[in-house]
Amino acid sequence: NVVVDLELEARDPLSLHEINIQFAGFRPGSKTITASSSNAVELFHDRPPHAVYFSYQFYSCQPTRTEVMRLLPNGREPGQLCVLARDEAGARNEVPLALRYMIDCSTSSPTEPIDFAEYLAHCALYVDVWDADSLVLLGTCGVPLRALLRQGRTTSKQTIECDIINADLNAQSHGGVTSNIIAENG
């Protein structure tokens with residue numbers, strides 16, 4: 001586990017943070033299990049969804065719902081990585097969807113630099129993944145943010161692949177109250 005120096009991050013003279021989140025691919029599973037209030041139903045897919053979109057809220061920014069992204073299969077076998085392509089994109093080599101957030105720690109409260117550093121060090125960005133055609137929630141993935149801390153460097157970059165967890169599959173009902181526990185790096 002990498003040690004993070006929050007004080008170093010809070011004293012960083014570069015107070016404007018440009019965070020770019022880019023969605024590039026989607027690897028569908030072979031089956032999706034959804035749960036209703038009465039019982040669990042298994043839905044087997046012989047093909048991945050045609051298109052997906054994502055929703056999440058990064059730090060104190062407004063909630064985000066991305067545009068719909070088409071899935072372009074990279075191969076014929078199940079479980080192969082699909083490239084996410086914007087609807088306007090004509091080819092696979094066009095730039096994938098990227099969302100930009102500007103966090104200026106010098107314009108709000110005096111504790112903003114440490115608040116933002118603690119957010120990146122201790123939180124994950126939970127992204128909901130939706131089937132764009134049926135509007136069904138496919139699941140949620142937790143994106144660790146710790147690697148975005150610069151720790152004295154001028155830039156930081158992270159490329160990851162996250163599992164999408166179907167929370168309905170793990171839902172437990174106790175006395176009519178349904179609860180889920182989603183663990184980071186689960």
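Helices (H or I, at least four residues) and strands (E, at least two) are DSSP runs, numbered from the N terminus. I work from a predicted model, where local features need pLDDT of at least 70, side-chain atom pairs count only at pLDDT 80 or more, and totals for chains, interfaces and linings use all residues. Residues are numbered from 1 along each chain as its sequence is written, and side-chain values use heavy atoms, with hydrogens and water left out.

**Entry: D131**

I looked up D131 and found its place in strand 10, which covers residues 124–131. D131 has a relative accessible area of 12%, so I put it down as buried. I then listed contacts, meaning heavy atoms within 4.5 Å. With neighbours within four places in sequence left aside, D131 is in contact with P49, A51, Y53, V136 and L138. Its side chain also reaches the backbone nitrogen of S134, at 3.3 Å.

**Entry: I19**

I found I19 in strand 1, residues 16–23. Is I19 buried or exposed? Its relative accessible area is 8%, so I19 is buried. Leaving aside neighbours within four places, I noted contacts of I19 with F58, L99, R100, Y101, F116 and L148. I also checked I19 against A98: they are 79 residues apart in sequence, and their C-alpha atoms are 10.0 Å apart in space.

**Entry: salt bridges**

Side chains of opposite charge can pair when their charged atoms come close. I count a salt bridge when a side-chain nitrogen of Lys or Arg is within 4 Å of a carboxyl oxygen of Asp or Glu. How many salt bridges does a search of the whole structure find? The search finds 4, and I wrote up some of them.

One joins the side chains of R150 and D12, at 2.8 Å from N to O. This pair links distant parts of the chain, 138 residues apart: R150 is in the loop between strand 11 (137–144) and helix 3 (167–170), and D12 is in the loop between helix 1 (6–10) and strand 1. Both R150 and D12 are buried.

Another joins R100 and E18, with 3.3 Å from N to O. R100 is in strand 9 (residues 97–104) and E18 in strand 1, and the two are 82 residues apart. R100 is exposed, because its relative accessible area is 57%. E18 has 44% relative accessibility and so counts as partly exposed.

I also looked at E67 and R86, whose closest N and O atoms are 2.9 Å apart in a salt bridge. E67 lies in the loop between strand 6 (64–65) and strand 7 (69–73) and R86 in strand 8 (residues 82–86), so the pair ties together parts 19 residues apart in sequence. E67 is partly exposed at 26%, and R86 is partly exposed at 27%.

**Entry: R150 again**

I went back to R150, whose relative accessibility is 8%. A polar contact is a pair of N or O atoms within 3.5 Å; within protein, one must be able to donate a hydrogen and the other to accept it, and residues adjacent in sequence count only if both atoms are side-chain atoms. The side chain of R150 makes such a contact with the side chain of H17, at 3.3 Å. Not counting residues up to four places away, R150 touches E9, D12, L14, L16, H17, T155 and S156.

Conventions: Buried means under 20% relative accessible area, exposed over 50%, partly exposed in between (1.4 Å probe, protein chains only).
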